[in-house]
Amino acid sequence: ADDRVLAGEVDCARAPGFDLGNSPEETLSPRGTELVLATTNGAPAIVASAEACEEVLVASLLNLDAVAARITAGDVLLVCAGTDGGVSIEDVYLAGRLSAALEGPRSDAAQVAEAVAAAYPTPLAALEASAGAVGLRREGLEGDIAFCAQESIVDTVPRVAEVVDFHSVPSTVTRGCTHSRGSSTDLTPSTSRRLFVPPPPP
């Protein structure tokens, strides 16, 4: 489409030939009706999750409360995209915060994530301690750290609508909208309400 905007990054820098990088502030003023986002870690994790789960929601600190409110029943699998196959502080911190906001029994991994989250006095402290912050500072994008550390400033919950040729196609769900969840998947034991899972090895 003529009004499609391509955004993405490679090692925190805008990918060659792309309209935008991965900085959220670049998308505050819409430049088209469709945004295509390609990232090193997040996009593959979303696609892999969509192949394994009935419903995939995309969470961040920015929509933390909205995502927690959207999860009402069934087993929950928290998938962290990580960085280049490794664990990242910002992902574990968010997983711990989201796990703590949900009811029900926790797996050991979820309890570890909650402990990591509790170790930081603020979201900004957690994000600033991450290796990802080093890359953002290198690219002159330090403002993204503070922007992404904002908590529950939006009610939008992206949900994967379909996967086409290994690309996820999202729709948005706002707080207050209802959608059927269906039965829970076999990815987590029926006794485990939530599970933090590190990314698979490369």
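This note sets out numbered points on a predicted model.

1. Basis. The model is predicted: local features require pLDDT of at least 70 and side-chain atom pairs count only at pLDDT 80 or more, while totals for chains, interfaces and linings use all residues. Residues are numbered from 1 along each chain as its sequence is written, and side-chain values use heavy atoms, with hydrogens and water left out.

2. Helix α3. Helices (H or I, at least four residues) and strands (E, at least two) are DSSP runs numbered from the N terminus. Helix α3 covers residues 89-101, has 13 residues and spans 18 Å from its first C-alpha to its last. That is close to the 18 Å expected at 1.5 Å a residue, where the expected span is 1.5 Å times one less than the number of residues. Its buried residues (under 20% relative accessible area; exposed is over 50%, partly exposed in between; 1.4 Å probe, protein chains only) are V92, Y93, L94, A95, G96, L98 and S99.

3. A salt bridge is defined as a side-chain nitrogen of Lys or Arg within 4 Å of a carboxyl oxygen of Asp or Glu. The side chains of R97 and E151 form such a pair at 2.6 Å, N to O. Because R97 lies in helix α3 and E151 in the loop between α7 and β5, the pair ties together parts that are 54 residues apart in sequence. R97 is partly exposed at 23%, and E151 is partly exposed at 33%.

4. Further salt bridges. The search of the whole structure finds seven salt bridges. Among them is the contact of E34 with R4 at 3.3 Å, N to O; E34 belongs to strand β3 (residues 34-38) and R4 to strand β1 (residues 4-10), 30 residues apart. R14 and E26 also meet in a salt bridge, at 3.0 Å, N to O. Here R14 is in strand β2 (residues 13-14) and E26 in the loop between β2 and β3, 12 residues apart.

5. Backbone. Most residues other than glycine have a negative phi. D84, in the loop between β4 (76-79) and α3, has a positive phi near 50 degrees. S152 has a positive phi near 55 degrees and is placed in the loop between α7 (143-148) and β5 (156-164). S152 is partly exposed, at 22% relative accessible area.

6. Cysteines. With a disulfide taken as a pair of cysteine sulfur atoms within 2.5 Å, the count is zero. C80 is buried at 7% relative accessibility, whereas C148 is partly exposed at 31%.
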